[in-house]
Amino acid sequence: MSKSLNIGLVGYGFMGRTHSNGYKRANDFFDLEYRPVLKAVCGRNADNAKAFADKWQYESFETDWKKLVERDDIDAIDICTPNNTHAEIAIAAAKAGKMVLCEKPLSMNTAEGEEMVKVAEEAGVKTTVWYNYRRVPAVTLAKQLIDEGRLGKIFHYRANFLQDWTINADLPQGGAALWRLDAAAAGSGVTGDLLAHCIDTAIWLNGGIKDVNAMTETFIKERQHNLTGKVEKVSIDDACAFLCHFSNGSLGLFESTRYARGHKALYTFEINGEHASIKWDLHDLHRLEYFDHRDDSLIRGWHDVHVTDGDMPYMGNWWVPGLQIGYEHTFVHQVADFLKDLETGAVTQPDFRTALETQKVCDAVLNSAANRQWTEVG
Ligand SMILES: NC(=O)c1ccc[n+]([C@@H]2O[C@H](COP(=O)([O-])OP(=O)(O)OC[C@H]3O[C@@H](n4cnc5c(N)ncnc54)[C@H](O)[C@@H]3O)[C@@H](O)[C@H]2O)c1
């Protein structure tokens, strides 16, 4: 007989769907003591919230997240709303004794994130932040290879996250779907939205970041605002590039933009160590490229590892070797890990405290760009 974990989901947009899918699928593919129950979804528009509840089989809906947080029949609050709402909802949920699963970035800035960590730790509630790329099997395999020491001493970490969807100057900012262009809702542009993913993965794979030197650019300076109807200043960073030093002595180079024509979501990283290098590309997410200098010179070259065998991370729970999985499975994995950790008492990574490290790097990046100088993290 499984134990129930009653979920209250806030926000029924893009992430509301990926998480709901994760809750519905996890127990079908992983052996878990806990089973998520889709108790309630919350959205401000009653018709939309009800339609989402019907479609995804939530038992009920709310139009005010405060009511959801107060409900006795909810164990965990899942925050899938724009960045400026994360702290308020997470803090209220933690104070009400609920577990909190929060979308990334943790918060609008470090100060807000610190408060979230403090309240959650004082309340003793379990937390996690959905930095889901850690749970792409090929990325998890990269972590395993690095931890086994196969790369040796790391010299370089390089990451890109490139998109092209905001090049049109007529695209408005603010409101549904376009809140990412509005600094009041998003906090920052590509730094908090895209580089936060790259930074979380980098810290996980290669350790802490000590200092950064960044530049940002806002290519389109003014856009019509959907909520006010007026043409307003654009305050997000459209593009950001930064250099950094990792604590292990390696050098980092990160770039993100929404102005790279031809790229929709090109998240790539490459790590160069003394013995070996690895490369990964979100557009080919089930493959890990691996080069090992210790190979026989006659066959030395980049290996294209198709991460589908049963002994590879997560893959034993899916189909048969050779058959791959995709983006949505990363959320299934995060749900499965969260439920397994609930069973064993382990911390699900990243928790709020770990995700705060990424927030500190994001803040240092934005400060460095504003001040045009090297900036210590934290
Ligand atoms: N992990 C990832 O890869 C990933 C990908 C995309 C987005 N995100 C993050 O997920 C969060 C949501 O992004 P999205 O793409 O799903 O956005 P979205 O615009 O698709 O959905 C946001 C939802 O929040 C709702 N909402 C806004 N304010 C609300 C409030 N006060 N109360 C209740 N509902 C409210 C909106 O109505 C909408 O349903 C953001 O923090 C974003 O950074 C993470």
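Reader: Start with H10. How many of its 20 residues are buried?
Author: First, a caveat: this is a predicted model. In H10, 15 of the 20 residues are buried, so the helix is largely enclosed by the rest of the structure.

Reader: And how far apart are its end C-alpha atoms?
Author: They are 28 Å apart. H10 covers residues 352–371, and 20 residues at 1.5 Å a residue should span 28 Å, so the two values agree.

Reader: What follows H10?
Author: Arg 372 does, with a positive phi near 55°.

Reader: Switching to the ligand. Which residues come nearest?
Author: Gly 11, Gly 13, Phe 14, Met 15 and Glu 103, out of 22 residues around the ligand.

Reader: What classes make up that shell?
Author: Ten residues are nonpolar, eight are polar and four are charged.

Reader: Which element gives the largest share of it?
Author: Helix H1, residues 14–29, with three residues.

Reader: Staying with H1, at what angle do the axes of H1 and H9 cross?
Author: Roughly 65°, and the axes come within 7 Å. H9 is the helix of residues 327–344.

Reader: Left-handed or right-handed?
Author: H1 passes H9 in a right-handed crossing.

Reader: Which residues meet there?
Author: From H1, Thr 18, His 19, Asn 21, Gly 22, Tyr 23, Arg 25, Ala 26 and Phe 29. On the H9 side they meet Glu 328, Phe 331, Val 332, Gln 334, Val 335, Ala 336 and Leu 339.

Reader: How do the residues of that contact divide by class?
Author: The contact of H1 with H9 has eight nonpolar, five polar and two charged residues.

Conventions
Residues numbered from 1 in each chain as written. Predicted model: local features only at pLDDT ≥ 70, side-chain atom pairs only at ≥ 80, totals over all residues. Near = placed C-beta within 6 Å. Helix = DSSP H or I, 4+ residues; strand = E, 2+ residues; numbered from the N terminus. Nonpolar A, V, L, I, M, F, W, Y, C, P; charged D, E, K, R; others polar. Expected span 1.5 Å × (residues − 1). Buried ≥ 20, exposed ≤ 12 C-beta atoms within 10 Å, placed from the backbone. Axes fitted to C-alpha atoms, helices over the stretch in contact; angles between N-to-C directions. Left-handed = near helix turned anticlockwise from the far one by under 90°. Contact = placed C-beta atoms within 7 Å.
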